[in-house]
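Dear colleague,

I am handing over the structure below, and my notes on what was found in it follow directly after.

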Amino acid sequence: PPTLENPPPQPTPQTLPGLLYAADAIRLRERLAAGRELRATITWREFVELCGDLNISPARALSLAADLQLTGSILHTDGAVCLRPGELISHMLSSNAISVLAEADELGASTRSTMVDLDSKARVATTRTAALVGFGLAVQGAVLFRLTYWELGWDTVEPLAFFVGQGTTICWFLFFVGSNKEAAYMSLDSVLFQRIRARLYRRAGLEPAAKPRP
């Protein structure tokens, strides 16, 4: 950060307009703060005249008014400028409106908590599904191994293993084409998680997450 030993860099032609604009905003905010104790609202003409006293053009006054409104320093319309926006908003929000906002905030917190719980359940279900799929593939391999060396022999099991492998490959292909994902484990995990989570959300009366599409 700039210090006495390490002063800030000198302004350049590229940064000078922004610095001048910031200086105008600071001077205008200080002038408005000085008059806030006397008046809560001034007309737009008075606002422009006040800016003129600070050598601020009407066009820049309009831009500064918009920026000061974004920071909460003022509220302005075409005809008036409120110098005490906090008081105005407090009057606009009745006790009933405040209670409704509080209830909405509590409902939002409850919904977020429910969604976090459902996401956790969806993650557990996804892991369990992936484990079952892996177990099924292992059982398939074990059965083919048993048939090859103990029951039927290589000549009989070889075409059977070929068609089983082809069928498994076709199932994987159709799955990834239908889910619009690349053939990777992370894609499979993502698809399973999204589908399980969407089903849990629907059961809980929540909107399911939108399925991403290209």
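The protein comprises seven helices and three strands, where helices (H or I, at least four residues) and strands (E, at least two) are DSSP runs numbered from the N terminus, and from that terminus the elements run α-β-α-α-β-β-α-α-α-α. Please note that this is a predicted model, in which local features need pLDDT of at least 70 and side-chain atom pairs count only at pLDDT 80 or more, while totals for chains, interfaces and linings use all residues. Residues are numbered from 1 along each chain as its sequence is written, and side-chain values use heavy atoms, with hydrogens and water left out.

Of the 214 residues, 20% are buried (buried means under 20% relative accessible area, exposed over 50%, partly exposed in between, with a 1.4 Å probe and protein chains only).

In helix α2 (residues 44–53), the buried residues are Trp44, Phe47, Leu50 and Cys51. Seen down the axis of α2, these fall within an arc of 120 degrees, so they line one face of the helix; the arc is that of the directions from the helix axis to the C-beta atoms. The face turned away from the buried side of α2 carries the exposed residues Arg45 and Asp53. After α2 comes Asn55, whose phi is positive, near 60 degrees.

Turning to helix α5 (residues 95–151), Phe145 lies in this helix and is partly exposed, with a relative accessible area of 45%.

Best regards
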